[in-house]
Amino acid sequence: LNATKNKFFSIISHDLKNPFGTLVSVSDMLKENYNELDEDEKQHIINTISKSAGMTRDLLENLLQWSMTQTGKIQYNPLEIDVAMISEKVVDLLSSHAEKKQINIQIQNKATKRAFADKNTVEAVIRNLSSNSIKFTPENGYVSIEIIEKSNEIITRISDSGIGIEQKDLEKLFRIDIDHRKIGK
């Protein structure tokens with residue numbers, strides 16, 4: 001139970017780091033350069049802050065829903081979802097972090113792809129994998145979210161030009177009792 005709790009806090013911290021980082025850096029830029037910026041630049045920065053704050057709120061809501069699921073207070077709620085639209089929302093959330101590292105993040109096969117799944121779970125998985133891809137990809141790299149329709153399945157493949165993971169570490173990924181870490185940026 002303690003390992004599960006620690007893992008949960010690790011996930012929350014990881015998920016909140018990027019949007020709060022965007023809020024801090026963009027608001028600092030506005031504060032430090034306010035008099036030098038023209039009205040269009042100010043409006044752009046204010047829009048970025050507003051968008052990031054809204055996405056952070058949505059992320060907190062998703063985390064609350066996920067924690068309720070983990071504690072048995074809410075049930076898994078599968079319904080028809082649009083995986084491409086969820087992927088676009090994730091890219092919007094992570095785009096400022098990718099831009100800082102000059103990483104090109106794209107969605108392949110963006111046409112509407114409907115699946116029957118729990119929206120919050122799908123969004124959390126795509127967000128965490130994409131965030132890790134950005135974290136472990138060097139500057140001027142790429143992250144690709146590919147949505148493939150295959151018979152009665154929707155497959156979402158996230159690939160990048162990052163450092164990858166060694167074969168011996170793969171089996172550690174889904175073990176909550178093992179803390180596998182690598183340093184990213």
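**A close look around Asp118**

Guide: Leaving out neighbours within four places in sequence, Asp118 is in contact with Tyr76, Asn77 and Pro78. Bear in mind that this is a predicted model. Asp118 itself belongs to strand S3, which covers residues 114-118. Here's the curious bit: Asp118 is buried yet has no salt bridge. The nearest side chain of opposite charge is that of Lys119, 8.8 Å away, and a salt bridge would need the charged atoms within 4 Å. What Asp118 does have is a polar contact of 2.8 Å, side chain to side chain, with Thr121.

Now to the nonpolar side of things. The largest nonpolar core has 21 residues, and Ile81, Val83, Ile105, Val122, Ile126 and Ile134 are those with the most contacts inside it. H3, S2, S3, H4 and S4 each give two or more residues to this core, with H3 giving the most, at 8 residues. As a rule, nonpolar side chains in soluble globular proteins tend to be buried together. Take Val83: setting aside residues up to four places away in sequence, Val83 touches Lys113, Ala115, Ile126, Ile147, Ile154 and Thr156.

Two loops are worth a stop on the way out. Gln102 sits in the loop between helix H3 (83-100) and strand S2 (104-108), and its phi is positive, near 55 degrees. Asn140, in the loop between helix H4 (119-135) and strand S4 (142-150), also has a positive phi, near 65 degrees. Most residues other than glycine have a negative phi. Asn140 is exposed too, with a relative accessible area of 56%.

Note on methods
Residues numbered from 1 in each chain as written. Predicted model: local features only at pLDDT ≥ 70, side-chain atom pairs only at ≥ 80, totals over all residues. Heavy atoms only, no water. Helix = DSSP H or I, 4+ residues; strand = E, 2+ residues; numbered from the N terminus. Buried < 20%, exposed > 50% of the residue type's maximum accessible area, 1.4 Å probe, protein only. Lys, Arg positive; Asp, Glu negative; His and termini not counted. Polar contact = N/O pair within 3.5 Å; in protein donor to acceptor, adjacent residues only side chain to side chain. Contact = heavy atoms within 4.5 Å. Core = buried A, V, L, I, M, F, W, Y, C linked by side-chain atoms within 4.5 Å.
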